Amino acid sequence: MKFLSLIAAFCCWFSGAAAASSSVPSYFLENTEVRSVRAQALNRDYQLYVALPDSYRKTSKSYPVLYVVDADYSFPIVRNIASRLSKHAGMEEMIVVGLSYAKGESGAYSRRRDYTPTAPRNHSYNSDMPGKKPAFGEAAAYAKFISNEVFSNINRHYRVDVNRKIFIGHSYGSLLGLQILFTEPRTFNHYILGSPSLWYDAGVMFDRERAFAKSHHDLPASVFFGIGGLERLPPGEKRSRLTEDADMVEDLQEFDKVLNSNRFPGLKTRVRVFQDEDHASVFPLVLTHGLRSFLKSSK
């Protein structure tokens, strides 16, 4: 009987602890909203995470807009850094719009398909979505979704400066940015591209750049490239377009050099290598310096 009483007491304590735990409120970000958007041509649903500046409801002015992909991890980072730069560093306020992964899909599956320009020729991948084969190469279609459904949704609901749109991407997200840059560069007024995966599909973006240069006399765009100084091959290993083990710093510096060799009159680029940072840690620095390279500041 004593043993049964102990079990009963434990069950009572456990249920009480569980109830208490479930009643603890979640932390939320102030001045944020979530909107659902249907990608009609893609037959998929996404969400837009929107962060409004503190002064938004106190004024009637329009604000520049930051559009950031990989929003499941990047949106709170961008929102908080943008807010801090405005409050403490004199940078003008801005609206932040985060683009989620497709509803019902994992982040890896969604971003591989939506952010890559092609299906990789020399490598195979496994899917982390049961019953679904790996999908790649829909960046062009996803870019149209941004310029059509996403822009119209944000323009309809918020006071935005349509002439000051900033794209923010990292890794595969920067591949998407380059896809837009070489097809519809005026989609955004400024591009912040961190650690672009230029190794992808045997360096396909180098091919895209050559094709663009052959058929265009200008590339009207402002681009800030940032990368971690540790994103290099180990000593002794050689770069090769046939492997995904890449010296991403060398790739980026070569890519920027090739871009500027065309002497496009409307192109402005800057490359910043952040020493002692790697692929995982460099994004906040890329964001901060990328914003400073474009937005106004009173300090």
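A salt bridge is counted here where a side-chain nitrogen of Lys or Arg lies within 4 Å of a carboxyl oxygen of Asp or Glu, and by this rule there are 15 salt bridges. The model is predicted, so that local features need pLDDT of at least 70 and side-chain atom pairs count only at pLDDT 80 or more, while totals for chains, interfaces and linings use all residues. Residues are numbered from 1 along each chain as its sequence is written, and side-chain values use heavy atoms, with hydrogens and water left out.

**View 1. Glu-33 and Arg-35 form a salt bridge.** The closest N and O atoms of this pair are 3.8 Å apart. Glu-33 has 25% relative accessibility and counts as partly exposed (buried means under 20% relative accessible area, exposed over 50%, and partly exposed in between, with a 1.4 Å probe and protein chains only). Arg-35, at 24%, is also partly exposed.

**View 2. Asp-54 forms a salt bridge with Lys-87.** Here the closest N and O atoms are 3.4 Å apart. Asp-54 lies in the loop between β2 (44-51) and β3 (63-68), whereas Lys-87 belongs to helix α2 (residues 71-88), so the pair ties together parts that are 33 residues apart in sequence (helices, H or I of at least four residues, and strands, E of at least two, are DSSP runs numbered from the N terminus). Asp-54 is partly exposed, with a relative accessible area of 39%.

**View 3. Arg-210 and Asp-207 meet through their side chains in a salt bridge.** The N to O distance is 2.4 Å. Both residues sit in helix α6 (residues 200-215), where, being three residues apart, they are separated by about one helical turn.
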